[in-house]
Amino acid sequence: MNETYLIILISLAYFFLGVLTVLLRRNTIIMLMGLELMLNSTNFLLITVGNITKTLDGQIFSILVLAIAASEVALGLAIVVNLYRLKQTTNIDDFFSLRSK
């Protein structure tokens with residue numbers, strides 16, 4: 001088996017592990033960690049494809065994804081902190097009723 005195929009399979013495994021984390025967990029912080037796992041596996045795949053094609057496109061897109069991931073973490077954690085102050089929980093099911101009574 002070629003090593004590039006092995007790297008692609010590992011990246012896909014990490015991506016689907018992140019998808020399962022987002023779909024199966026109810027804690028918002030764990031869900032954000034699963035989303036980060038998906039973005040990092042995408043970076044891994046982009047760099048691998050860039051090495052296969054012998055161009056810098058994969059590395060450039062990887063830097064773009066890193067910037068998006070950093071902003072996602074900042075905004076996501078700010079939203080989670082504000083929702084925790086409101087509801088005193090990080091369970092995603094408790095955030096669906098945000099109307100004040």
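Reply: Let us start with a term. A polar contact is a pair of N or O atoms within 3.5 Å; within protein, one must be able to donate a hydrogen and the other to accept it, and residues adjacent in sequence count only if both atoms are side-chain atoms. Helices (H or I, at least four residues) and strands (E, at least two) are DSSP runs, numbered from the N terminus. At the start of α2, a side-chain oxygen of Asn 27 comes to within 3.3 Å of the backbone nitrogen of Ile 29.

Me: On what basis are such values given?

Reply: This is a predicted model, in which local features need pLDDT of at least 70 and side-chain atom pairs count only at pLDDT 80 or more, whereas totals for chains, interfaces and linings use all residues. Residues are numbered from 1 along each chain as its sequence is written, and side-chain values use heavy atoms, with hydrogens and water left out.

Me: What span is expected for helix α2, and what does the model show?

Reply: The expected span of a helix is 1.5 Å times one less than its number of residues. Helix α2 (residues 28-53) has 26 residues and reaches 38 Å from its first C-alpha to its last, close to the expected 38 Å.

Me: Which residues of α3 are buried?

Reply: Buried means under 20% relative accessible area, exposed over 50%, and partly exposed in between (1.4 Å probe, protein chains only). In α3, the buried residues are Gly 58, Ser 62, Val 65, Ala 69, Glu 72, Gly 76, Val 80 and Leu 83. An α-helix has 3.6 residues a turn, so residues three or four places apart point the same way. The buried residues of α3 pack against α2, where contact means heavy atoms within 4.5 Å. In α2, the buried residues include Met 31, Leu 32, Met 38 and Thr 48; the buried residues of this helix pack against α1 and α3 (57-87).

Me: What does Ile 52 touch, beyond residues up to four places away in sequence?

Reply: Ile 52, in helix α2, touches Thr 4 and Ile 8. The C-alpha atoms of Ile 52 and Thr 4 are separated by 7.8 Å, although the two residues are 48 apart along the chain. Ile 52 is partly exposed, with a relative accessible area of 43%.

Me: How many salt bridges are there?

Reply: Side chains of opposite charge can pair when their charged atoms come close. A salt bridge is a side-chain nitrogen of Lys or Arg within 4 Å of a carboxyl oxygen of Asp or Glu. By this rule there is 1 salt bridge. Asp 93 and Arg 26 form a salt bridge through their side chains (3.3 Å, N to O). This pair links distant parts of the chain, 67 residues apart: Asp 93 is in the segment after α3, and Arg 26 is in the loop between α1 and α2. Asp 93 is partly exposed at 41% relative accessible area, and Arg 26 is partly exposed at 35%.
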